[in-house]
Amino acid sequence: MDCIFCKIAGHEMAANIVFEDDDVMAFRDINPQAPIHLLIVPKKHLGSIMEINEENGEIINKIIRTAQNLARQNNIDSKGFRLVVNTGNDGGQTVGHLHFHLLGGRFMTWPPG
Ligand code: 5GP
Ligand code: ZN
């Protein structure tokens, strides 16, 4: 499949990887929107959050735990951060492989654009 995040997860394409285990990978966003802007993805391809179900839902727990660890490592666990999952066209999703944005290191305004 021609999916850039599958290629990064499979080490076929370069990325600045900050965490990896059997199921999850995290790497720096190529176009960061905050001082800390990481993408956390399941290694197995899922098109969006809408493909999560009872069978595969444990991956969300693993991604959230990874986000917590990365927040601690980047010293933004106390200050705060934003975890974002853009979904579909109106949600602003541009890459069709489920990913969580971990954004921090500055104050985040609300509402988002
Ligand atoms: P979305 O808009 O789908 O929520 O987020 C996709 C994100 O992936 C964007 O923030 C974009 O900068 C990032 N991105 C797109 N292509 C690449 C790439 O090849 N490498 C990395 N590291 N990030 C990418
Ligand atoms: Zn993929």
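Here are some friendly notes on this predicted model, meant for someone meeting it for the first time.

1. Reading the model. Residues are numbered from 1 along each chain as its sequence is written, while chains are lettered from A and ligands numbered from 1 in the order in which they are written. Because the model is predicted, local features need pLDDT of at least 70 and side-chain atom pairs count only at pLDDT 80 or more, whereas totals for chains, interfaces and linings use all residues; side-chain values use heavy atoms, with hydrogens and water left out.

2. Helices (H or I, at least four residues) and strands (E, at least two) are DSSP runs, numbered from the N terminus.

3. H45 counts as partly exposed because its relative accessibility is 23%, while H97 is buried at 0%. Buried means under 20% relative accessible area, exposed over 50%, and partly exposed in between (1.4 Å probe, protein chains only).

4. The shell around ligand 1. This ligand is surrounded by 17 residues, and the closest are D29, N86, T94, H99 and H101; a residue belongs here if one of its heavy atoms lies within 4 Å. Helix 1 gives the most to the shell, with three residues. By class, the shell has eight nonpolar, seven polar and two charged residues. Ala, Val, Leu, Ile, Met, Phe, Trp, Tyr, Cys and Pro count as nonpolar, Asp, Glu, Lys and Arg as charged, and the others, Gly among them, as polar.

5. Atoms close to ligand 1. A nitrogen atom of ligand 1 is 2.9 Å from a polar backbone atom of R28. Oxygen atoms of ligand 1 lie 3.0 Å from a backbone N or O atom of V95 and 2.9 Å from a polar side-chain atom of H99.

6. More on H99. Where does H99 lie? H99 is in the loop between helix 3 and strand 5, and it is buried, with a relative accessible area of 4%. A polar atom of the H99 side chain lies 2.6 Å from the backbone oxygen of H97.

7. Backbone details. The peptide bond from W110 to P111 is cis, with omega near 5°, and P111 is in the segment after strand 5. Phi is near 60°, a positive value in a residue other than glycine, at H11 and also at N75. H11 lies in the loop between helix 1 and strand 1 (17-20); N75 is in the loop between helix 2 and strand 4 (81-84) and is exposed at 54%.

Technical notes. Polar contact = N/O pair within 3.5 Å; in protein donor to acceptor, adjacent residues only side chain to side chain.
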